[in-house]
Amino acid sequence: MLRRATLSVAWLGLAALLVPAEDSLDDLQQKTIKAAAKAVAPSIVQIETSGGTDIVVAGPRGVPIRKASGPTTGVVVGTDGYVISSAFNFVNKPSNITVRVPGHPEGYIADVIATDKTRMLTLLKFKTSPVKPLIVPAATPKAEIRVGQSAIALGRTLDPNPNDPPSVSVGIISAIGRIWGKALQTDAKVAPTNYGGPLVDLQGRVQGILVPLSPQAEGETGGVEWYDSGIGFAVPLEDINAVLARLKTGTAEKPFSLNRGLLGISVQSPDIYGPEPKIATIAPDSAAAKAGIQINDVIKEIDGKLVYNQAQVLHALGAKYEGDIVTVKVLRGTEEKTFKDVKLGSILNAHGRPVLGILPVRDDPEPGVEVRYVYPKSPADTAGVKEGDRITKIGPETGALGPFSGADGLAAILATATPKTKVKIEVVRKDKKTETLTVTLGELPEKDAAEEVPEKLPEEASKKKALEPRKPVPGMPPMPAPAPAPKKDDKKVELGVMQRKNASATHTYWVYVPRNYDPNVSYALVIWLHPVGKDKEKDDEKVQDDWIDYCRSNNIILAAPHAENKTGWVVSESDVIAEVARDVMATYTVDKRRVVAHGMGVGGQMAFYLGFHNRDLVRGVAATGAALTNQAKEKVPNQPLSFYLHAGSKDPLKDSVVESRTKLLEQKYPVVYREEKDAGHEYLDEKALDELVRWIDSLDRL
Amino acid sequence: MRILPAFLRPLAALVLLLGLGAASARAEDSFADVAEKVNNKLVKVFGAGGFLGIPSYGTGILVSGDGHILTVASQMLETRDLRIHLANGDRYHAKIVAVEPELDLAMLKIEEKDVKTPDFYDITAEAQKAVVEPGTGVLAISNQFNVAMRAEPMSVQRGVVAAYSKLRGRRGINQAPYDGEVYFVDAIMCNPGGGGGALTTRDGKQLLGVVGKELRNTLSDTWINYAVPLQGKITIKGEKETKTVTVGDFVSQAIKGTYVTRDPKEKKKSSNLYTGIVLVPNVVERTPPYVEELDPNSPAARAGFKPDDLIVYVDGEQVVSIKEFKDAMDRYEPGAELKVEVRRGDKLSTLTLKLEDRGKKKP
């Protein structure tokens, strides 16, 4: 505000010095703006699309929006038919793209040949050569772009004639280096009417390409909710030009995708502005793993820049692409270590989860893992593992086998292994004979394989000794006894349907614990997130009717918070939901490997959000009639997350749900997708629910 | 010259570049006088509403010395107790004189006798001026959100003309019956109560248009900010003749009391166009207009259409669905010649389609 005021005062002073009476400063500014718009206009093209889906989901709450029917905007980046635009304009996967260029008599048919997934830009190429060379606009050098400079946002949506002047909105550069160093910010009105268009300086040079962006949400529609708000973003054209050659290597058949460069680490504190960035996990085969960075290292510097919290790390790495080289300095104990030439990896290198293909018998204090179920044709099956066997040791193909303590211990060892490599296991058969088997680890999800849910699971799932301390494993430090849980041990806990309020009394929720509850058995926890408006007593009763029998027979506890707002869940309520879940887990015996966020519609969106943002809590997301609005977040080693997606074949969101499956598989999450024939936006029928319960029962797969 | 702060240097350079640096004089960059002058010609309108998202307040522009007020047509006006507040705070009753639903405008008049309103816009004279181009600075003055009470001046917003183009508002709740040219503005001015306000140039010398209602745009599915320009016009198809009505016509006839408010429910005559194009079945809401087959020897066959062509533009306007294609065709009469661009393989081809009367269709 102050800066703006200073600016206009200064302008007035300047005007008094320089401007003749008949031309006010305002007139001059308008003339300059029109001249700048005119200078760039020949490079601003109009893009029309048809085909594709009508409905896309957008915003942090995943509100379905209609893909608008109007033309969108692009900017020429190659004389021979290359146009850059915002990925938002192609979010509905149109089958036909035509581009109209000012001064060219006919339109051109174009293909998407590349996408920059970090900055949400799409590169188009004409199918035929333009009748005359296109005009590439000049880029404003980034070094010249300063906060306070004039910025003009131009677009071609409002006027159907590409030979008319482009639409204009005038503002200033509000900030540089926004969205983890990727974007310019402007107060000119940025909206779907000019996404893909240029942000131009007073000399008619292009500062950047307008795109919706959000620091939290990724994906094509992230940041759309801020349209026309005075907070708009543009990716500097200079940055685009730097990667243009790579983008141009794509083709219509094989579009190129430019991904974010990843170090492959997660840090210990979930608060990005919190304490020093101490490494919690390192993905196998990641840039960090290859460089020799270790868990518990504290990152001190990236490319010579000091970093003192996770946000700083994001700032230093946020703008990087896969293949970019960085230098990382860490503190290991008291020793500083510098890793040079660390080549950032891509998510495409991410592995699935290494698995044997078994389910363990739960609540078992004995050392090792008793096999409850062997997945047909799984690595364990192929190696000859049978139900009832007890796996007692595991080790590399050439090396000594070591014992482990229970399913958790086995899971931790598997998490550090690499899929498709061989390991040796020692099993004790039912007849007490000991054998050593070689198993080629599988990968979850298996490439191109349909994710199956076992059709029938052995009923005996638990040794019913959850409260007993683990037996010590020879050669390993004794496991600590289960944390004291006075509520679980002594007094009689409440059972049945219980109506509750959270600690700060902002939310009501109910919990259902089966009457046959046994604290020695670990229960799956299903957090039900209702769709909009379905928070009435009768809606709750309907959910209870559907679930109670399953809860009894399959040892499930149901917890169902109500959204505070009539219009559905908001992102900030995830804290309350997590609090509800933790409260249940403090009172009852809950299997931490089988905590599921389950929701429908907006509740399903919330389930996705909860899954991605409460990794330490949620192991499964089961969503019906709900799609993932943003890109799937990266996997976190040893915090597995699985998805069960369900949609009616006539649900308008169906295509988006199918798309969500693809997005999740790209990030190597196990996904089950079920489509109900002839159903619309409806809850699961009995058969589907039956399968969902089996899916929940198999979430502790090893 | 003194050394300028860095952020001003480009501007200074430009000013010099434009060759305007030589003369030195006092420049007036204040909108204060303009705002006051315009405000004196505006009224606050109060009517029915206050529920279901319909505001009970709005803005109007004085267009005669006898208390004629131009404003947007809205449900708010549908009351016997319509009141207006002049800029000086005087309160009067008002009644509707005429409504043109297709322009989305209404004319009101102060009911009390012999009330003079010396400050007003001469719409006929203003409408003669040229349309301004995108990038032109504008002021929007209205009583949006009913912020101003009685004699308080209305809210002034500054922006630029974003575009001058056809309005394609979404049908339904936020219906826009007017589909002619409008000024799109980059200031957020179409708020509750903003409708009926004045859009002027920054020097206040030209009234550009009447600020529109709250409306979503089908092109971008976003809220839009627009004003109906004084040069705006509609074509009214009657049973016998087709006539054009401009905003100026409406205002001058309404002031004289000769404007006939038409029945908004008057039916459009059904289309009797014949092209010979058979499109693919319209299965989803936005089935693209693919040609399935052609009647032999029909206008389309003669124009060179082929099965599997995808119709992309009709006279330069994109049609993304079968419904949009049919809507576009409704605007033409038999005998008209249109340029239709179709996608055939990897290329766009332009075909000239001559429309015929269905009655004359050959068996």
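Reply: Start where helix H4 of chain B ends. H4(B) is followed by Gly257(B), and the phi of Gly257(B) is positive, near 85°. Keep in mind that this is a predicted model.

Now go back along the helix. H4(B) spans residues 247-256, and its buried residues are Val247(B), Phe250(B), Val251(B), Ala254(B) and Ile255(B). Around the axis they cover an arc of only 120°, so they sit on the same side of H4(B). An α-helix has 3.6 residues a turn, so residues three or four places apart point the same way.

What does the buried side of H4(B) pack against? Its partners are strands S3 (68-72), S5 (91-100), S6 (105-110), S14 (226-229) and S16 (242-246), together with helix H3 (123-127), all in chain B.

Take S14(B) from that list and follow it. S14(B) is part of a closed barrel of six strands, which runs S7-S8-S9-S14-S11-S10 in chain B with antiparallel pairing. From one strand to the next, the twist averages 40°. Helix H2 of chain B (residues 32-39) packs on this sheet. H2(B) touches S7, S8 (155-166) and S10 of chain B, and its direction makes about 45° with that of S7(B).

S7(B) covers residues 137-142 and S10(B) covers 198-201; they pair in the antiparallel sense over four bridges. Ala140(B) has Leu199(B) in S10(B) as its bridge partner. In general, strands of a sheet pair through backbone hydrogen bonds, either parallel or antiparallel.

Val185(B) touches both of these bridge partners. Leaving aside neighbours within four places in sequence, the contacts of Val185(B) are Val138(B), Ala140(B), Gly159(B), Val161(B), Ala162(B), Leu199(B), Asn225(B), Tyr226(B) and Ala227(B).

Val185(B) also has a place in the largest nonpolar core. That core has 131 residues, and Val185(B), Ile152(A) and Val211(A) touch the most other members. S8(B) gives the largest share, six residues. Another core, of 65 residues, lies apart from it; Val584(A), Phe608(A), Ala623(A) and Leu699(A) are among its members.

Lys34(A) and Ile152(A) are 118 residues apart in sequence, but their C-alpha atoms are 9.7 Å apart in space. Lys34(A) lies in helix H2 of chain A, residues 25-40. Is Lys34(A) buried or partly exposed? Lys34(A) counts as partly exposed, because it has 18 C-beta neighbours inside 10 Å. Not counting residues up to four places away in sequence, Lys34(A) touches Glu133(B) and Gly135(B).

Step back to chain B as a whole. Chain B has six helices and 24 strands. Of its 363 residues, 42% count as buried. Among contacts in chain B between residues at least 6 apart in sequence, 60% join residues at least 24 apart. The domain assignment gives chain B two parts: domain 1 (42-233) and domain 2 (271-360). Their C-alpha centres lie 38 Å apart.

Chain B also has an open sheet of four strands. Its order is S21-S20-S22-S23, with antiparallel pairing. S21 (317-318) and S23 (347-354) are the edge strands, and each pairs on one side only. S20(B), residues 310-314, pairs with S21(B) over two bridges in the antiparallel sense. Tyr313(B) has Gln318(B) in S21(B) as its bridge partner.

The walk began with a positive phi at a glycine. Most residues other than glycine have a negative phi, and most peptide bonds are trans. Chain A holds some exceptions. Asn555(A) is not a glycine, yet its phi is positive, about 55°. Asn555(A) sits in the loop between helix H10 (537-554) and strand S33 (556-561) of chain A. With 23 C-beta neighbours inside 10 Å, Asn555(A) counts as buried. Lys432(A) also has a positive phi, near 70°. Lys432(A) is in the loop between strands S27 (422-428) and S28 (434-440) of chain A. Lys432(A) has 7 C-beta neighbours inside 10 Å and therefore counts as exposed. The peptide bond from Leu444(A) to Pro445(A) is cis, with omega near 0°.

Methods: Residues are numbered from 1 along each chain as its sequence is written. Chains are lettered from A and ligands numbered from 1 in the order in which they are written. This is a predicted model: local features need pLDDT of at least 70, side-chain atom pairs count only at pLDDT 80 or more; totals for chains, interfaces and linings use all residues. Two strands pair if DSSP finds at least two bridges between them. Axes are lines fitted to C-alpha atoms, for helices over the stretch in contact, and angles run from 0 to 180 degrees between N-to-C directions. Two residues are in contact if their C-beta atoms, placed from the backbone, lie within 7 Å. A residue is buried if 20 or more other C-beta atoms lie within 10 Å of its own, exposed if 12 or fewer, and partly exposed in between; C-beta atoms are placed from the backbone. The arc is that of the directions from the helix axis to the C-beta atoms. Domain bounds come from an automatic or database domain assignment. A nonpolar core is a set of buried Ala, Val, Leu, Ile, Met, Phe, Trp, Tyr and Cys residues joined through C-beta atoms within 7 Å.
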